Amino acid sequence: MRAFIFPGQGSQAVGMGKTLAEASAHAREVFQEVDEALGQHLFKLMSEGPEDQLTLTENAQPAIMANAIATLRVLERDGGVTLSGKAAYVAGHSLGEYSALCAAGAFDLATTARLLKTRGQAMQAAVPVGVGAMAALLGADIDTAQKLADAAAEGEVCTVANDNDPSQVVISGHKGAVERAVAMVKNYGIKRGVLLPVSAPFHCPLMQPAADAMAEALGANPPTAPLVPVIANVTASPVSDADTISNLLVEQVTGRVRWRESVGAMEEIGVTQFVEFGGKVLGPMVKRSASGDVETVSVISMDDIEALLKTL
């Protein structure tokens with residue numbers, strides 16, 4: 001059994017999608033459609049930079065989605081395969097959940113691009129720059145990370161944002177609280193705490209204004225039922241009902257990304273192969289999270305697509 005998975009923020013890089021667009025008209029169509037939907041030259045920014053503009057949340061989110069969907073579309077159109085025929089489930093990390101839903105037909109491409117633009121802008125605007133922060137805790141499990149976050153909070157927000165795998169947890173909240181947590185890691189037996197170069201404290205209660213904005217945006221652009229179930233970030237369980245998906249996407253803005261548990265849920269259902277589109281970020285997390293022997297495949301280039309087609 002196979003799952004198609006889609007990366008989140010941090011997987012962007014200048015040059016993304018460029019060689020794929022040069023090799024396939026289907027990829028070029030995706031990038032052009034996203035540009036038209038957003039009314040901006042996003043693909044030029046993806047191809048040429050500058051990096052500081054691509055890294056902006058409102059640009060990075062639709063860019064990462066466009067790159068992943070372009071890769072999938074080339075596989076489908078050039079390879080003559082369908083997602084529903086080759087994948088039993090889809091899942092994505094944070095913004096990657098939108099890519100997964102687009103891949104599974106719950107949103108069309110233009111709507112997905114616009115929703116992610118709105119999401120990026122709303123997340124950026126929710127907290128003034130310098131008020132919030134995020135940090136990766138390396139060598140930390142979820143329980144230890146939560147204890148550290150609770151101890152560091154001191155009346156401010158400090159909570160687990162991403163449970164990525166058994167050895168990496170990300171915390172988010174007020175800058176002072178997150179910095180206190182980083183300074184205290186050794187007291188909790190955590191190898192290292194690293195402040196992340198992000199512009200806002202994602203997936204914590206400080207993001208409530210962004211959640212409200214997404215509730216409005218999704219109310220105006222509701223999903224349809226996906227072709228295959230999506231493993232939702234906030235529940236780590238499969239969902240196919242359109243209204244439930246919409247509610248969970250709103251909850252996801254302030255809620256924890258339960259990626260480690262999502263991998264476990266897919267493994268328990270019987271997924272043995274995880275195919276990541278447009279990145280090489282989730283594969284290692286899957287390997288570290290899986291209890292048994294699973295296969296991970298990263299699909300970025302035409303060579304990757306051709307190699308995968310031989311195995312499907």
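## The four-stranded sheet

Let's start with an open sheet of four strands, ordered E4-E5-E3-E6 and paired in the antiparallel sense. E4 and strand E6 (192–195) sit at the edges, each pairing on one side only. On average, neighbouring strands here are turned by 25° against each other, ignoring direction. Bear in mind that this is a predicted model.

As a reminder, strands of a sheet pair through backbone hydrogen bonds, and they can do that either parallel or antiparallel.

## E5 and its two partners

Strand E5 covers residues 168–174, and it makes a handy reference point for the rest of the sheet. On one hand there is strand E3 (residues 132–138), which pairs with E5 in the antiparallel sense over seven bridges.

Getting from E4 to E5 takes a hairpin of two residues.

So is E5 buried or exposed? Five of its seven residues are buried, so the strand is largely enclosed by the rest of the structure.

## A helix across the sheet

Helix H10 (residues 175–183) lies across E3, E4, E5 and E6. Relative to E5, the helix runs at about 145°.

Now for the packing. The largest nonpolar core has 81 residues, and the ones with the most contacts inside it are Phe4, Phe6, Leu83, Val90, Met207 and Phe277. Which helix gives the most to this core? That would be helix H5 (residues 57–79), with eleven residues. There is also a second, separate core of 21 residues, with Ala135, Leu148, Ala177 and Val185 among them.

## A look around Phe4

Phe4 is one of the residues with the most contacts inside the largest core, and its surroundings can be spelled out. Setting aside neighbours within four places in sequence, Phe4 is in contact with Leu72, Leu75, Leu83, Lys86, Ala87, Tyr89, Val90, Ala91, Val275 and Phe277. Leu83, Val90 and Phe277 turn up in that contact list, and they are also named among the residues with the most contacts inside the core.

Definitions and conventions. Residues numbered from 1 in each chain as written. Predicted model: local features only at pLDDT ≥ 70, side-chain atom pairs only at ≥ 80, totals over all residues. Heavy atoms only, no water. Buried < 20%, exposed > 50% of the residue type's maximum accessible area, 1.4 Å probe, protein only. Pairing = 2+ DSSP bridges. Core = buried A, V, L, I, M, F, W, Y, C linked by side-chain atoms within 4.5 Å. Contact = heavy atoms within 4.5 Å. Axes fitted to C-alpha atoms, helices over the stretch in contact; angles between N-to-C directions.
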